[in-house]
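Hi,

Here is the structure I said I'd pass on.

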Amino acid sequence: MMIDWFGAFVIGLVGAGHCMGMCGGIASMLTIGQTSPSRWTPVYYNLGRLISYALLGAIVGGAVASLSKLSQMNSVLIWLRLLAALFMILLACYIGKWWHGLLHIEKLGQQLWRFISPAGKSLLPLQSPLHALPFGMVWGWLPCGLVYSTLTWSAVSGSALNGALVMLMFGLGTLPAMLAVGMGAEALKRIQNSSVFRQIVAFMLLIYGIFTGYDAISILLISL
């Protein structure tokens with residue numbers, strides 16, 4: 001599992017620019033109606049976001065593991081692992097800027113988001129910095145291709161705990177960019193936008209995705 005945790009962290013770190021683009025407008029929403037915004041507001045917001053990621057991972061990882069045990073159909077996990085491999089390859093294409101097909105999958109969550117987003121907006125304006133915690137938990141469900149890709153890893157993690165840890169590591173990877181300000185933010189942005197850095201990470205994910213897919217297909221052929 002260690003390699004999956006590390007991979008999830010790297011995805012969050014490299015894909016944080018995408019997160020900042022999607023959540024950039026939310027930063028301004030946090031300070032609506034506040035004459036002197038607290039420095040703890042973004043901390044609570046991101047903590048709420050990480051809690052939602054871990055909860056999502058636990059739900060997906062636990063549900064798949066339970067269904068697999070109840071049905072005693074290991075082939076289900078193998079097919080899901082093949083799906084996870086496909087998402088890794090799509091993610092590698094997105095990070096490497098070779099193909100942005102992952103964004104089309106991201107749009108599939110828009111329908112669910114229409115029902116969830118009003119809960120977050122109802123918390124505005126924030127009455128205290130601590131109220132940013134539930135606000136962040138709501139916004140953690142924002143449709144995101146990176147989140148969906150990492151959730152496929154949680155699905156084949158084998159348990160709710162492992163699924164939660166995979167998503168938590170992804171969230172921690174996004175944390176530096178979401179909290180960084182000033183020179184630190186600019187330095188991190190330059191690293192994230194570095195073509196060499198993105199290509200290296202993309203190739204690593206691509207190789208891991210191909211290896212995972214090959215492994216899943218091999219098991220399927222043996223079981224036939």
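Below is what turned up when I went through it. Keep in mind that this is a predicted model.

Let me start with the aromatics. There are six aromatic pairs in the structure. One of them is Tyr45 with Phe135: the ring centres sit 6.1 Å apart with the planes at 45°, so this pair is tilted. Tyr45 belongs to helix 3 (residues 41–71) and Phe135 to helix 7 (residues 132–139), so the contact ties together parts that are 90 residues apart in sequence. Phe135 also pairs with Trp139, and here the centres are 4.7 Å apart and the planes at 20°, so these two rings are stacked. Both residues are in helix 7, four residues apart, which puts about one helical turn between them. Taken together, Tyr45, Phe135 and Trp139 make up one aromatic cluster. Tyr45 is buried, Phe135 has a relative accessible area of 0%, and Trp139 comes in at 7%, so it counts as buried too.

On the surface, Phe6, Val196, Ile200 and Met204 form a nonpolar patch with about 420 Å² of accessible area together. Helix 11 (residues 195–223) supplies the largest share, three residues, while Phe6 sits in helix 1 (residues 2–14).

Lys97 lies in the loop between helix 4 (74–95) and helix 5 (102–106), and is exposed at 55% relative accessibility.

Last, the cysteines: the disulfide count is zero. Cys93 is buried at 16% relative accessibility, and Cys144 is buried at 6%.

Cheers

Key: Residues numbered from 1 in each chain as written. Predicted model: local features only at pLDDT ≥ 70, side-chain atom pairs only at ≥ 80, totals over all residues. Heavy atoms only, no water. Disulfide = S-S within 2.5 Å. Buried < 20%, exposed > 50% of the residue type's maximum accessible area, 1.4 Å probe, protein only. Helix = DSSP H or I, 4+ residues; strand = E, 2+ residues; numbered from the N terminus. Patch = residues over 30% accessible without salt bridge, like charges linked within 9 Å, V, L, I, M, F, W, Y side chains within 5 Å. Areas by Shrake-Rupley, 256 points an atom, 1.4 Å probe, with all protein chains shown as cover. Salt bridge = Lys/Arg side-chain N within 4 Å of Asp/Glu carboxyl O. Phe/Tyr/Trp six-rings, centres within 6.5 Å; stacked < 30°, edge-to-face > 60°.
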